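Take a look at the chain below. We will walk through a few of its features, one step at a time.

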Amino acid sequence: MAGVQVTPASSNTGSARIIIRGNNSITGNNQPLFVIDGIPVDNETGDSKVTTSGNNNLDYGNIAGNINPEDIENIEVLKGPNAAALYGSRAANGAILITTKKSAGTKFKVTFNSNSTFQRITEFPDYQNMFGAGNSFKLDGSGSTSNPDRIPSLNVFNRSWGAPFLGQPVISVNGSPKAYLAQPDNVRDFYSTAAMLTNSLAIDGGNAENNYRFSYTNYTGGSVVKNINDNIRHNANIRVLNKFTKWLDMDSKVTFINNKVTNRQYMNGSSKNPVYQYAYMVRDDQLSEFKNYKDQYGNEINTHTDFLNPYWAINENPNEDTKNQLLGAFNVNARINGWLRLTAKVGTEMYWVDGYTFNNKGAQSSPNGSMSTINNSLQSTNADLVLFANNKFGKLSVNSFVGTGRFQTSNKKNEQRINSLIQAGLINLSNTGEFPAVTQFASKKIINSVYGSMSFGYNSYLFMDVTARNDWSSTLPKANNSYFYPSIGGSFVFTDAFKDIPKSILSFGKVRASYAIVGNDTSPYQLAPTYSFNGIYNGQAYASLASTFFNPDLKPEKTASLEFGIDLRFLKDRLTFGATHYKTSTTNQILTAQITPTSGYNRKYYNAGEIQNWGTEFTLSGTPLKSKKLEWNMFANYGQNNSKVKSLVDGVNSFQLNSWFGRLLVFAEVDQPYSVIRGAGWQRDEQGRKLVAASGLPIAQGNLVLGNAMPDWTGGFGNSLRYQNFGLSFLIDIRKGGSFYSGTYRRSYISGAISNTLEGREDYYLHSYIYGESAANLTAGFIYKDAYFEDGTPNNKYITPQSNGFSNLDELQIFDASFVKLRETVISYNLTSPFFKKLKVSNARISLSGRNLWTIYKKAPKGIDPESSVTSGNGQGIEYGSLPPFTTYGLDLRLTF
């Protein structure tokens with residue numbers, strides 16, 4: 001969809017990121033509001049505590065991943081602040097409206113659907129298979145030949161910068177003798193095919209006045225890494241429509257979701273992430289050498305120096321969490337007369353999460369072990385009372401509503417943690433000799449609202465819409481907790497105004513424009529100082545004041561949006577075209593900045609900063625062929641969003657959004673697009689030529705702008721074809737521009753694991769170790785051919801490939817994030833055999849599907865997905881320890897009785 005950018009979750013149980021028309025908030029939430037059957041729901045991402053290299057990186061997913069696709073009737077996207085008139089300030093970034101299925105109320109019907117999905121890695125990094133474990137092209141050193149037979153032992157090496165593979169006798173990582181040979185498939189064989197099975201049953205019944213729909217779905221799934229991300233989910237949903245009288249009806253819906261995940265995958269650069277470990281696996285390692293991963297005392301064994309055993313990571317770091325979620329929506333409609341209607345809506349969302357993480361003692365990276373438990377809960381209620389008035393006075397039509405609403409949410413988060421274990425393998429908080437560290441957090445938030453809308457139409461071709469809303473938020477100070485935001489829009493259907501336009505050519509034409517303002521509040525407890533308990537000293541608990549200075553005078557953020565566009569339909573609606581241009585500006589942003597520590601604080605909350613977004617969207621669709629037997633539909637879309645950070649806090653030029661070990665940074669920076677990437681790059685002369693020192697090594701210059709995480713534009717096109725009972729559809733997804741930093745590529749290169757490290761290796765080995773040339777007089781090896789010395793002469797200095805300065809230049813790990821992907825293909829067939837009629841099957845369909853079947857074009861290195869990210873938050877542009885690209889295949893059977 002034009003203007004909508006989706007970043008897939010890092011795993012099958014992770015959090016996805018959805019952005020509509022760019023990032024409006026510098027540091028706050030930029031994702032849209034999810035609304036299910038008119039009720040807003042919490043879509044908080046589950047990776048808010050995840051860092052680039054933290055050891056405890058777990059992504060608990062978000063609600064978008066738990067919605068049952070079989071229950072969805074329709075999805076609509078509201079873009080920009082215009083959505084806030086209906087759903088309040090929480091929809092300042094747009095809204096995704098999900099309408100679930102309901103009974104047609106005509107007859108009893110049973111629908112069964114079974115879907116089997118399989119997932120496998122389809123693109124691996126291009127590994128080198130010429131050199132193995134070692135250092136400086138040798139197998140000795142670091143005590144590797146300290147054994148009596150002086151046979152090199154490979155466990156002291158963690159990189160593939162050793163000697164050429166010649167079948168030399170060596171001692172493997174598990175202590176067994178073996179021949180020094182490449183293992184081309186050692187990474188590939190680690191992964192398996194993941195299987196996911198979904199079974200759904202839906203029952204419809206009733207009549208036009210009173211009907212119901214009940215559905216139940218069971219899902220079980222895993223990961224391409226065995227024993228990781230094992231997921232069991234149950235979805236039960238019931239929806240009942242009752243028409244009590246001609247003027248009174250009620251729509252009720254209750255959904256219950258039970259979601260259990262065992263062994264969520266640790267993310268990014270965590271030592272507990274086996275995917276990260278295998279990204280730079282030594283090229284002579286065999287998987288069998290690691291499978292015996294602990295000794296008789298329960299300690300981790302069979303590792304290289306700084307390369308941990310991936311099977312220990314999988315089997316000795318269990319975690320489990322269960323989320324029970326209840327959603328309820330109740331709508332009562334009372335028709336007062338032919339033009340007046342009163343609606344009362346109540347929606348509630350509740351969930352309870354219980355889980356634990358356990359890190360067994362004996363690990364090389366954390367020998368004492370640890371454990372933690374979590375107990376989180378949320379309860380939100382939305383209540384609205386709305387009066388609708390729709391009437392017509394001659395050529396003038398008036399559609400209006402006025403309403404009042406209340407949103408209330410309470411959130412509790414409890415965590416207990418121990419940092420050492422007494423007994424290995426005992427998953428219990430009492431398994432420690434220390435006091436557990438306990439963290440408790442509780443918050444409550446209330447927003448009261450009044451709102452209204454009036455839509456005037458003249459002669460069915462000229463329209464004007466006016467909305468107004470005022471919210472009162474409990475998270476803002478009393479003096480500033482009220483904020484008003486209006487909108488105005490107009491449209492002109494010129495094909496209805498000018499009757500002489502031939503409808504056979506231009507069947508519909510409309511121009512439109514709108515202007516909207518929306519306010520936004522903040523999270524609880526940002527106004528006054530807070531204390532937190534930090535532990536026990538001399539038998540007494542002690543607390544400390546927060547290091548952030550809260551602002552008692554915070555004001556709401558403000559986003560203004562201007563939009564105009566045109567919608568055209570040609571050839572009796574067989575061809576449609578739409579174009580939109582928009583501009584948004586968010587000011588008065590709520591953010592923090594560093595202050596002098598002499599104040600007693602490190603940071604302070606401010607109302608400051610402005611970010612602008614502007615862009616253009618195009619949509620095109622058509623039906624080239626349409627008959628009773630054959631129908632062919634096509635569509636395409638294009639969206640371009642530009643952004644600029646206009647200002648931050650006075651005296652502050654940039655705000656850090658993310659970092660990679662403190663050297664590669666992602667910023668919101670004044671006069672730059674949002675998500676600018678800075679790091680060390682080539683120092684260049686006045687002609688823009690790369691410079692090297694007299695040693696032949698690159699001269700690095702720090703804090704250079706290396707790219708931007710946001711795309712230049714996104715787009716897609718697709719086709720759907722139906723011939724009699726056969727159906728075929730496909731979708732192409734396109735991203736142009738934007739950059740990302742690959743920590744996986746950097747680690748793989750430094751470790752000598754990938755084929756790009758072969759440049760100059762053979763020549764260096766020949767000239768340095770066979771011919772005996774000194775480092776100062778090398779005549780072959782690695783050389784930066786396109787670089788110059790500082791005096792302007794071309795670089796002619798050969799160096800060792802292992803120490804070529806690659807790690808000092810972040811620029812060499814920055815890649816273009818562009819891609820063209822065959823995102824989805826579906827082949828279906830409606831079964832019409834008499835056999836099904838005998839079983840009273842009214843409809844039967846079987847389909848084959850594939851997702852991410854083919855990366856048609858990309859500039860990222862092989863085995864690195866340009867869509868991968870270390871977070872679903874604002875700090876985009878960094879990839880580290882992610883899964884290689886994978887493809888999903890599915891078989892689906894649907895039977896309706």
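Does Ile 827 count as buried, partly exposed or exposed, and what is its relative accessibility? This is a predicted model, and the answer is computed from it. Ile 827 has 45% relative accessibility. Buried means under 20% and exposed means over 50%, with partly exposed in between. Ile 827 therefore counts as partly exposed.

Now place Ile 827 in the chain. It lies in strand β41, which covers residues 819-831. Ile 827 also belongs to a nonpolar patch on the surface. Which strands each supply at least two residues of the patch? They are β42, residues 843-858, and β44, residues 886-896.

Next, turn to a loop. Find β18 (437-458) and β19 (462-473), then look at the loop between them. Asn 459 lies there, and Ser 460 is found in that loop too.

Asn 459 has a positive phi of about 55°, although it is not a glycine. Ser 460 is not a glycine either, and its phi is positive at about 65°.

How accessible are these loop residues? Asn 459 has 33% relative accessibility, so it counts as partly exposed. Ser 460 has 48%, so it counts as partly exposed as well.

Conventions: Residues are numbered from 1 along each chain as its sequence is written. This is a predicted model: local features need pLDDT of at least 70, side-chain atom pairs count only at pLDDT 80 or more; totals for chains, interfaces and linings use all residues. Side-chain values use heavy atoms; hydrogens and water are left out. Helices (H or I, at least four residues) and strands (E, at least two) are DSSP runs, numbered from the N terminus. Buried means under 20% relative accessible area, exposed over 50%, partly exposed in between (1.4 Å probe, protein chains only). Patches are made of residues with over 30% relative accessible area and no salt bridge: like charges are joined within 9 Å, nonpolar side chains (Val, Leu, Ile, Met, Phe, Trp, Tyr) within 5 Å. Accessible areas come from the Shrake-Rupley method with a 1.4 Å probe; for residues, only the protein chains shown count as cover. A salt bridge is a side-chain nitrogen of Lys or Arg within 4 Å of a carboxyl oxygen of Asp or Glu.
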